[in-house]
Amino acid sequence: MERLVIEGGNRLTGSVRVHGSKNAALPILAAVVMAKEETIIHDVPNLDDIAVMLDILRSLGARVTRNKSDVIVDSSTIHTTNVPDYLMRLMRSSIFLMGPLLARFGSVRISKPGGCSIGTRPIDLHLKGLELLGANIVERHGFIECQASQLQGASIFLDFPSVGATENLMMAAVLAKGETIIGNAAREPEIRDLAALLTQLGARIRGAGEDTIVIEGVNELHGGEYQVSPDRIVAGTLMIAASITGGHVQLRNVRPMDLTAVTTKLREAGVQVTGLHDILDIKRTGPLHAVERIQTSPYPGFPTDLQAPFMSLLTMAQGVSVISETIFEDRFQHVSELQRMGASIKVDIRTAFIRGVTELTGAIVEATDLRAGAALAIAGLAAEGSTILERVHHIDRGYEGFELQLRELGAHIRRVRETGKDASVSADA
């Protein structure tokens with residue numbers, strides 16, 4: 001078992017490059033199973049979730065090669081559409097394979113997916129949309145079986161602008177016969193990324209990034225080459241980390257427009273943020289101010305994935321801030337851990353009231369999910385004394401070399417591994 005040990009009180013300064021987006025790379029890797037030739041994907045982050053997806057592709061029969069951040073997938077050798085249960089349970093994003101496997105091969109069998117325990121996150125929207133495209137779906141013994149000799153274009157209106165459902169249905173519709181219209185679609189930047197990859201492989205898609213997407217079905221997809229966009233959640237996390245330490249950091253390889261909601265709230269908190277082309281400059285010299293209200297919502301609203309990290313920042317802001325979580329019902333699990341560090345937070349159902357304190361203190365805390373782990377690390381950067389963060393495997397699902405990037409900016413943070421039952425630790429690197 002590994003931990004992060006963080007010595008707080010050091011300003012972050014310097015410049016780092018943001019790696020490719022996990023949330024964009026996962027559906028892109030799922031989409032390439034529809035191509036009958038080799039596809040090369042650049043800037044794929046080296047994360048646990050990505051490793052699981054590559055293992056799934058190999059289990060289906062695809063030839064997969066990884067060279068640093070480049071991934072080459074040859075899907076011409078796929079010989080099964082049964083996704084192994086033990087791999088499905090490791091990662092929720094494996095659900096993305098339903099649409100593309102069904103569209104190309106006419107059948108798919110998966111078990112219910114795993115992932116972070118932050119809410120119920122039903123897949124009803126995925127299944128309803130596939131049924132409208134002509135799929136016959138049977139759920140039994142914990143498995144979902146879908147069949148369709150030929151998907152047919154349809155008009156689909158999503159009850160909620162789900163990112164995963166939009167991506168899954170968009171992929172399925174690419175090889176459906178005729179036109180598909182997806183209404184109330186998600187508008188996240190990762191939707192545009194997926195559409196750009198599919199278009200490069202031969203798909204016909206209009207409106208990606210808007211609330212109505214139109215797909216003209218084609219007979220097949222060919223191979224191609226694509227560069228994954230920067231990870232806006234990693235960028236936002238580093239922006240918040242720089243801010244809480246009163247630092248001055250430059251982020252390279254970012255899309256400032258994708259981070260407008262975060263930038264706006266950081267400025268309200270007293271942080272200077274300037275963007276030029278693919279570079280963001282973050283600087284704080286004065287005190288942090290409370291933010292009147294943050295409400296998570298689908299893009300272009302404030303991202304739920306940055307709710308927990310931003311809450312860490314607000315624990316040290318002057319005044320009372322309010323955060324409402326509207327996406328996931330169990331996404332305040334980091335609150336009790338922040339309270340162990342001295343934060344003053346009260347929660348009323350899905351709204352948190354944060355009264356800023358002058359100081360956080362280091363403590364032994366536990367990551368309950370991916371973004372909660374990042375939030376606690378951020379709090380540790382500003383806390384007095386040492387913070388020991390346990391269950392860091394959650395962080396490894398979404399941040400490549402997290403502690404290395406922070407160390408590059410001047411943080412005192414190291415990964416250690418338990419060596420015995422007395423929980424003594426030794427340096428890992």
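Modeller: A residue is called buried if its relative accessible area is under 20%, exposed if over 50%, and partly exposed in between, using a 1.4 Å probe and protein chains only. This is a predicted model, in which local features need pLDDT of at least 70 and side-chain atom pairs count only at pLDDT 80 or more, while totals for chains, interfaces and linings use all residues. Residues are numbered from 1 along each chain as its sequence is written, and side-chain values use heavy atoms, with hydrogens and water left out.

Rings of Phe, Tyr and Trp (its six-membered ring) pair if their centres lie within 6.5 Å, and planes under 30 degrees apart count as stacked, over 60 as edge-to-face and the rest as tilted. By this rule there are two aromatic pairs. One of them joins Phe 302 and Phe 310 edge-to-face, with 5.5 Å from centre to centre and 85° between the planes; Phe 302 is buried at 5% relative accessible area, and Phe 310 is buried at 0%. Tyr 399 and Phe 402 form a tilted pair, 5.0 Å centre to centre with 55° between the planes, and here Tyr 399 counts as buried at 3% relative accessibility, as Phe 402 does at 3%.

Turning to the arginines, Arg 397 lies in the loop between helix H13 (393-396) and helix H14 (402-408), where helices are DSSP runs of H or I with at least four residues, strands are runs of E with at least two, and both are numbered from the N terminus. Arg 397 is buried, with a relative accessible area of 13%.
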